[in-house]
Amino acid sequence: MRKSIFAICSALLLITSTGGKAQTKHSGYPITPVPFTSVKVEDTFWKQRLEASRKVTIPLAFSKCEETGRYTNFVRAANPSDSYKVEGYPFDDTDVYKTIEGAAYSLQTFPNKKLEHYIDSILIIVGKAQEPDGYLYTARTMNPKHPHEWAGSERWVQEEELSHELYDLGHMIEGAVAYYQATGKHNFLDIAIKYADCVCRAIGPNENQLKVVPGHQIAEMALCKLYLTTGERKYLDEAKFFLDMRAKTSHHDEYNQTHKPVIEQDEAVGHAVRAGYMYSGMADVAALTSDTAYIHAIDRIWDNIVSKKFYLTGGVGSTASGEAFGRNYELPNMSAYCETCAAIAQVYLNYRLFLLHGESKYYDALERTLYNGLISGVSLDGGRFFYPNPLKSMGQHQREPWFGCACCPSNICRFIPSLPGYIYAVKDASLYVNLFMSNESDIKVMGKNVHLTQSTLYPSNGDVKISVTPKSAQQFTLKIRIPGWVRNEVVPSDLYNYNDELDLKYTVKVNGIAVSKPLKDGYCSIDRKWKKGDKVEIHFDMEPRTVKANNHVEADRGRVAIERGPLVYCAEWPDNKGFNVLNVLINHNPKFEVVSAPNLLYGINEIKTKAQTLNYDIEGRLQTKDVDLTLIPYYAWAHRGAGNMDIWMAQDLSAVSPSMPETLASKSKIDASLKTASLSAINDRLLPADENDRSIPYYHWWPKKDTTEWISYQFPTSSTISSSTVYWFDDSPWGGCRVPESWKLYYKDPQSNWVPVENIDNYSTKKGVGNLVRFKPVTTDALKLEVQLPKDNSAGIYEWNVK
């Protein structure tokens with residue numbers, strides 16, 4: 001496929017250019033972002049990640065688009081046929097658009113003619129797939145008679161459910177504008193404008209137009225960006241129409257935030273990525289239209305997130321069911337979804353709210369997400385990815401090189417290269433310093449150029465030096481964010497609090513003289529006439545801190561987490577061999593030691609402390625053991641193989657989970673008809689609290705349906721057994737697993753034949769409880785559990801015990 005695609009590209013390649021970089025209108029926000037092209041990052045921590053994105057992540061994503069048929073879809077759409085089987089997801093086109101967007105950001109910082117030529121060749125294929133009126137949706141166009149099963153029989157009819165036609169438009173625009181700004185070329189932008197015009201003609205407020213809203217939001221943000229790029233007001237109007245019409249069509253669902261009109265919403269609900277993109281789009285429309293009702297709504301929603309639905313890692317989305325926000329304070333750890341895309345959406349939202357309000361609390365939330373729950377989504381080398389980012393694991397979570405639904409890898413592609421644009425901002429005669437990383441930048445303040453050089457090892461330590469070099473002596477205010485973590489504020493709410501007695505300090509000096517001014521909106525503001533050679537020295541005390549969650553967060557009661565500066569730490573198995581990090585009891589007055597490990601995980605600071613573990617001996621007596629506990633930054637976990645990891649560790653006895661004594665099941669070798677990493681869950685000795693418990697691992701046969709499946713135990717030695725208990729996993733009504741239609745037990749006889757046990761009890765299928773089956777005692781070295789899956793669903797198991 002690679003050769004055939006490039007043959008087409010080479011034959012068709014036509015490159016057009018404006019001859020210079022593109023310019024855009026003002027964003028409408030009171031505070032103006034400093035573009036990332038004005039900032040050159042030379043930071044120890046971030047430069048490695050930016051290079052990994054450029055050298056590994058973006059090339060990998062392009063290769064996966066080839067390998068998985070993303071480009072082929074466009075080729076087929078240009079040459080439709082009734083014989084094509086439309087597979088994959090209807091939003092697979094967006095992986096191409098997002099990867100181009102990330103590459104465009106990279107091109108602005110690191111020009112690369114070969115990469116540019118490659119992208120142009122892809123865009124020829126994309127352009128050929130566009131229908132004459134501008135519609136571009138390969139999931140329909142490649143086989144109009146038999147489109148993708150989510151697409152619907154006609155355009156737009158399934159948009160509010162599953163088709164993702166407007167989601168495709170949104171990512172197309174984002175990528176097209178980025179490529180236009182990077183190269184000045186109109187090739188991608190013209191394609192996006194043509195599709196946007198098609199949408200504006202078909203959907204809108206007029207009598208002859210359809211009343212449809214995006215099922216998966218992002219078009220709102222993108223259309224605002226297209227308005228700023230082209231000056232065409234119709235795109236802004238369409239974005240506002242999409243928002244204003246939510247809950248006013250026939251579709252009403254919390255899942256995609258159509259349960260209420262947007263200006264009436266006050267709680268973050270439903271799919272966390274959809275929600276984050278919608279709230280960001282509301283901020284964009286509010287900034288461009290001065291609609292205060294939008295601002296009041298997103299302020300209320302933001303308050304709900306940071307006070308009730310925000311993980312310590314800055315992730316959001318507590319449940320895999322709908323990839324969604326949970327109830328207030330519902331923040332489980334092992335089953336935390338915390339999708340990487342949702343973390344990126346939170347950065348977008350907090351960034352926009354800062355641009356609206358100018359308060360540091362939004363950057364405090366942004367920084368927490370950025371350094372923890374976002375970059376954990378990509379491996380340090382840039383080549384593997386998390387979809388969910390849990391806060392606790394028993395080894396069932398590992399990064400993958402790609403996913404069938406590849407939204408997270410391609411989203412990482414476009415976010416990381418844009419990072420330098422989040423460091424600074426300007427409003428009139430004020431220059432904001434929001435993030436701390438070594439860089440050189442050229443920034444316009446009141447129309448005059450100011451050169452800044454920032455030097456720091458942050459987040460390794462809290463020392464920052466800034467050299468200020470205006471073109472000529474200039475009066476302006478340098479506003480330095482003083483992070484919440486150094487002001488004794490974990491997050492801008494009472495969701496988390498430090499529970500130690502530390503009182504961290506900070507200092508700010510200009511040319512060696514201390515600045516002592518009260519903070520306003522979280523900023524230290526230095527208003528002076530700056531001249532060449534002025535130097536600002538900032539110091540933040542950076543010590544390990546213990547954090548407790550609000551008592552309403554059931555999953556974290558009696559537990560503490562440890563962080564240092566902006567980094568959340570975790571205990572992982574490779575650093576703590578000889579004991580189980582899930583059974584650790586943290587001392588009530590812990591003492592911490594920070595140890596530099598420059599050769600571990602691209603260079604980290606470890607935190608070490610004394611702790612205890614608890615376990616039951618073979619007779620069921622509780623025992624304690626003193627251990628040396630080592631913690632690493634959360635973003636760096638899962639790079640050294642599968643195993644246990646935990647952030648929230650017990651400090652109260654009521655929260656500790658002692659290691660249970662071994663059982664026949666736990667000592668057995670497991671086999672199954674469907675082998676997955678989660679198979680170890682069935683004999684981990686963890687029992688569900690109820691049918692809705694998602695805090696412990698489980699095994700399932702998904703996507704199998706209406707089939708006969710099995711799991712088996714190979715015992716270490718021949719044993720006499722007479723009962724078995726199964727805890728079924730059922731994630732109805734939203735998930736794909738139900739209790740099985742039926743099940744049976746078989747033992748292996750001396751001739752290695754599987755023989756049914758002679759039951760005393762019936763095979764029950766109750767959810768959330770132990771389903772005990774007693775049978776006539778047998779002596780065997782293996783037992784098999786066979787299930788008949790439901791016709792339209794799969795099935796799963798929490799735990800399978802044998803006695």
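Two aromatic rings of Phe, Tyr or Trp, the last taken as its six-membered ring, form a pair when their centres lie within 6.5 Å. The legends below describe close-up views of a predicted model.

**View A. Aromatic pairs, with Phe 354 and Tyr 363 as an example.** Across the whole structure, a search finds 42 aromatic pairs. The ring centres of Phe 354 and Tyr 363 are 5.1 Å apart and the ring planes stand at 85°, so this pair is classed as edge-to-face; the cut-off for that class is over 60 degrees. Phe 354 counts as buried because its relative accessibility is 0%. Tyr 363 is likewise buried, with a relative accessible area of 0%.

**View B. A cluster of aromatic rings.** Ring pairs connect Phe 45, Trp 46, Tyr 371, Phe 436, Tyr 458, Trp 485, Phe 540 and Tyr 635 into a cluster.

View C. Strand 5 comprises residues 430-433. In a regular strand, side chains alternate between the two faces of the sheet. Both faces of strand 5 are covered: Ser 430 and Tyr 432 are buried on one side, and Leu 431 and Val 433 are buried on the other. Strand 4 (residues 424-427) runs antiparallel to strand 5 and is joined to it by 4 bridges. Within this pairing, Ser 430 of strand 5 has Lys 427 opposite it. The hairpin formed by strand 4 and strand 5 has 2 residues between the strands, and Asp 428 adopts a positive phi near 50° there. Strand 9 (residues 474-481) runs parallel to strand 5, again with 4 bridges between the two. Thr 477 in strand 9 is the bridge partner of Ser 430.

**View D. Nonpolar cores and the surroundings of Tyr 496.** The largest nonpolar core contains 226 residues, and Leu 431 and Tyr 496 are among those with the most contacts inside it. Helix 13 (residues 340-357) makes the greatest contribution to this core, with 13 residues. Apart from neighbours within four places in sequence, the contacts of Tyr 496 include Phe 310, Tyr 311, Leu 312, Val 547, Lys 548, Asp 556 and Trp 648. A second, separate core has 31 residues, including Leu 664, Tyr 747, Val 787 and Leu 789.

**View E. Charged side chains over aromatic rings.** Arg 528 is placed over the face of Trp 530, at 5.0 Å from the ring centre. Lys 784 is placed over the face of Tyr 746, at 5.4 Å from the ring centre.

Technical notes:
Residues numbered from 1 in each chain as written. Predicted model: local features only at pLDDT ≥ 70, side-chain atom pairs only at ≥ 80, totals over all residues. Heavy atoms only, no water. Buried < 20%, exposed > 50% of the residue type's maximum accessible area, 1.4 Å probe, protein only. Pairing = 2+ DSSP bridges. Phe/Tyr/Trp six-rings, centres within 6.5 Å; stacked < 30°, edge-to-face > 60°. Lys NZ or Arg CZ within 6 Å of the ring centre and 35° of its normal. Core = buried A, V, L, I, M, F, W, Y, C linked by side-chain atoms within 4.5 Å. Contact = heavy atoms within 4.5 Å.
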